[in-house]
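Hi,

Here is the structure I said I would pass on. Have a look at it first, and then read on for what turned up when I went through it.

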Amino acid sequence: RPPRADEPRQRAEEERRDDPTLWGPNQVDFAKMRAGGLDVAFFIVYVGQGNLDAKGFEVARRIADQKFDAIERMCRRFPTHIELARTADDVERIARTGRLVACIGIENGYAMGEDIGAIAEFHARGARYMSITHNRHSQLGDSNTPEDGIHGGLTDLGRRAIEEMNRVGIMVDVSHASETTTLQTIAHSKAPVIASHSSVDAVLEHGRNLSDTELRALKANGGVVQCVAFASYVKDDGGRWDFIVRTREELGLPAPGGNQPVPDDPEVRAKMCELRDRVRAFDAENRRANVSEFVDHVDHAVAVAGIDHVRRGGERSAIDLATGAEERSGAVGSGPESARYDDLELNGEETMTQVVPGENIALWVVDVESGHRHLFADVAGEEWGVVRSDDRSRLAWFADEDRATWLWTARADGS
């Protein structure tokens with residue numbers, strides 16, 4: 001058949017979407033990272049929360065392995081652009097060559113199932129942090145959502161998982177966890193803990209934000225909170241989240257936070273585009289958070305925890321970013337709403353540049369690595385077997401050699 005008039009444009013868009021060396025429609029690609037000065041990024045092995053049973057754990061592990069595979073392929077396919085770092089020294093070495101640096105984080109400890117041995121396997125594949133939960137309670141502990149917990153905080157398996165992460169050198173992440181889970185995690189960990197993408201409850205009361213009690217506990221632990229410019233956590237969203245949940249249900253899409261359908265399916269893509277358009281219409285009628293309001297969170301976190309324990313985190317799957325911070329990768333944004341990044345004095349001490357230094361995460365990784373070597377010198381350097389899976393599930397998009405890139409950009413609604 002003759003090509004449709006829009007096919008060349010669609011092919012060009014597909015190429016830009018699938019080639020990370022080009023400036024494309026994804027929120028993150030190599031071009032945007034360079035333009036924004038984002039030298040290092042954690043690429044995320046994310047697994048949506050499923051049932052706490054053998055089948056659920058099996059599916060979660062398969063999805064996690066596929067995403068590890070995808071990150072590894074990205075680094076193999078573009079070695080002149082990016083390399084996987086396994087240590088803080090690797091980060092500095094790779095950056096000196098002018099290439100971008102990829103690190104790996106696991107969002108949702110659900111991926112390990114009930115197998116403590118999986119943590120060492122994840123470490124061998126390059127994972128350097130793992131969160132206890134995501135949305136909904138995991139086998140390791142209670143999430144911030146739903147509010148009613150089922151474990152009373154950490155589970156016994158969660159405590160053993162923290163001990164194993166400390167042992168092998170994987171950072172423990174408390175973002176998404178309930179306050180009880182967070183405080184128990186910080187108390188149990190022998191190494192500094194992070195909240196990889198959370199803001200503060202005192203500015204906006206939200207289950208995903210940290211209380212002053214949690215901030216003080218992180219400080220005492222030597223950990224870090226990375227404040228995130230996710231608009232729904234910065235100011236009241238006017239019911240945006242409920243609107244997204246309802247719209248997804250109307251369109252026959254899975255609820256936010258679960259495992260999502262393959263975005264390359266034409267029907268799914270059409271539904272995602274419809275979802276995006278409806279969310280944009282909602283946003284046009286409801287003012288979103290701006291960068292100045294985000295800085296209120298940073299300012300409060302610094303006042304409570306101290307500037308050494310506050311950094312700026314990212315949520316690059318999220319289109320729900322504060323106005324002035326959209327699709328800038330490492331850049332903060334520009335214009336009047338961003339002025340406080342340039343001029344803000346935090347508690348009369350320091351400028352915002354101290355909250356967004358280039359060595360943001362490397363110093364903290366060194367701390368955890370040092371603790372690991374000191375506490376567990378007997379296992380340092382030990383080789384671990386790696387479980388790999390060639391199985392293809394409904395998320396086979398991540399296992400396709402031609403679709404090896406973005407793990408955080410498949411969803412248009414910011415979930």
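Before the details, one term: by a nonpolar core I mean a set of buried Ala, Val, Leu, Ile, Met, Phe, Trp, Tyr and Cys residues joined through side-chain atoms within 4.5 Å. Please also keep in mind that this is a predicted model.

First, the overall picture. The chain has 415 residues, and 57% of them count as buried. It is built with 14 helices and 10 strands. If you take the contacts between residues at least 6 apart in sequence, 71% of them join residues at least 24 apart.

In soluble globular proteins, nonpolar side chains tend to be buried together. Here the largest nonpolar core takes in 65 residues, and the ones with the most contacts inside it are Met74, Ile82, Met112, Ile119, Phe122 and Met165. Helix H3, which runs over residues 54–77, gives the most to this core, with eight residues. Another core lies apart from it and has nine residues, including Val268, Met272, Val279 and Phe282.

Next, a helix pair. Two packed helices are described by the angle between their axes and the distance between the axes. For helix H6 (residues 156–168) and helix H7 (residues 179–188), the angle is about 45° and the axes are 10 Å apart. On the H6 side the meeting residues are Arg159, Ile162 and Glu163, and on the H7 side they are Gln184, Thr185 and His188. Sorted by class, that contact between H6 and H7 has one nonpolar, three polar and two charged residues.

- Thr145 and Pro146 are joined by a cis peptide bond, with omega about -5°. Pro146 sits in the loop between strand E4 (127–131) and H6.
- Asn108 has a phi near 105°, which is positive in a residue other than glycine. Asn108 belongs to the loop between strand E3 (100–107) and helix H5 (117–124).
- His176 is not a glycine either, yet its phi is positive, at about 85°. You will find His176 in the loop between strand E5 (171–173) and H7.

Are Asn108 and His176 buried or exposed? Buried means under 20% relative accessible area. Asn108 has 0%, so it is buried. His176 has 5%, so it is buried as well.

Last, Val40, which is found in strand E1 (residues 40–46). Val40 has 21% relative accessibility, so it counts as partly exposed. Leaving aside neighbours within four places in sequence, Val40 is in contact with Val91, Val101 and Cys103.

Technical notes
Residues numbered from 1 in each chain as written. Predicted model: local features only at pLDDT ≥ 70, side-chain atom pairs only at ≥ 80, totals over all residues. Heavy atoms only, no water. Helix = DSSP H or I, 4+ residues; strand = E, 2+ residues; numbered from the N terminus. Buried < 20%, exposed > 50% of the residue type's maximum accessible area, 1.4 Å probe, protein only. Contact = heavy atoms within 4.5 Å. Axes fitted to C-alpha atoms, helices over the stretch in contact; angles between N-to-C directions. Nonpolar A, V, L, I, M, F, W, Y, C, P; charged D, E, K, R; others polar.
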